[in-house]
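Reader: I am new to this structure. Could you walk me through how to read it?

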Amino acid sequence: SVKLRAASDFAKQLNIHVNHLNRAVKDTTEKTTTQVIAERILQEAKILLKHSAWTVSEIAYALGFNEVTHFNNFFKKHVQLSPLKFRSV
C-alpha cells in the first residue's frame, strides 16, 4: 500500500523541511508537491484499472485510500470518469 501521500511524509523521509521540499518541487516542475503526488497516484490507478484484475476496492486500498468512496471521488475529480467507466473505455 502507498504510505507516502502528503508532502510532509516525503519531507520527513528526505529529512528536509516541508517548505524546502515544496519550493524545490515548484521551482523544478512548476507544480505543487500535492499536484505531483496526485498525478503519480492517478497514473498508478489508471495502470491498475487497465492492466490488473483487481477490484476498484483493492486498487483504492493499495493506493492508500481508507475508503473506496474517497478513491472514487479523487479519480472522478481528475479524470471526469468513475474508475469502472475508465476501465471499460
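Reader: In what order do the elements of the protein chain run from the N terminus on?

Author: Read the elements one by one along the chain. Here the order is α-α-α-α-α-α. The count is six helices and zero strands. Keep in mind that this is a predicted model.

Reader: What box do the C-alpha atoms fill?

Author: Take the box along the principal axes. For this chain it is roughly 40 × 25 × 20 Å.

Reader: How much of the chain is buried?

Author: A residue is buried if its relative accessible area is under 20%. Of the 89 residues in the protein chain, 27% are buried. The chain exposes about 6,100 Å². Carbon and sulfur atoms supply 54% of that area.

Reader: How do I read the way helix 3 and helix 5 cross?

Author: Look at two values, the approach of the axes and their angle. The axes of helix 3 (33-51) and helix 5 (68-79) come within 11 Å. They cross at roughly 100°. Angles of 65 to 115 degrees count as roughly perpendicular, so helix 3 is roughly perpendicular to helix 5.

Reader: Which residues meet there?

Author: Helix 3 brings Ala38, Ile41, Leu42, Ala45, Lys46 and Leu49. Helix 5 brings Phe71, Phe74, Phe75, His78 and Val79. By class, this contact has nine nonpolar residues, one polar and one charged.

Reader: Is threonine 33 buried or exposed?

Author: Compare its relative accessible area with the cut-off. Threonine 33 has 6%. Buried means under 20%, so threonine 33 is buried. This residue belongs to helix 3.

Reader: What is threonine 33 in contact with?

Author: Set aside its neighbours within four places in sequence. Then threonine 33 is in contact with Ala7, Leu21, Asn22 and Val25. With asparagine 22, the contact includes a polar one between the two side chains, at 2.6 Å.

Reader: Which value of phi does asparagine 15 have?

Author: Phi of asparagine 15 is near 60°, a positive value in a residue other than glycine. Asparagine 15 sits in the loop between helix 1 (7-14) and helix 2 (18-29). Its relative accessible area is 71%; exposed means over 50%, so asparagine 15 is exposed.

Reader: And where does glutamate 30 lie?

Author: Glutamate 30 is in the loop between helix 2 and helix 3. Its phi is near 60°, again positive in a residue other than glycine. Glutamate 30 is exposed, with a relative accessible area of 68%.

Key
Residues numbered from 1 in each chain as written. Predicted model: local features only at pLDDT ≥ 70, side-chain atom pairs only at ≥ 80, totals over all residues. Heavy atoms only, no water. Helix = DSSP H or I, 4+ residues; strand = E, 2+ residues; numbered from the N terminus. Buried < 20%, exposed > 50% of the residue type's maximum accessible area, 1.4 Å probe, protein only. Axes fitted to C-alpha atoms, helices over the stretch in contact; angles between N-to-C directions. Parallel < 35°, antiparallel > 145°, perpendicular 65-115°, else oblique. Contact = heavy atoms within 4.5 Å. Nonpolar A, V, L, I, M, F, W, Y, C, P; charged D, E, K, R; others polar. Polar contact = N/O pair within 3.5 Å; in protein donor to acceptor, adjacent residues only side chain to side chain. Areas by Shrake-Rupley, 256 points an atom, 1.4 Å probe, with all protein chains shown as cover.
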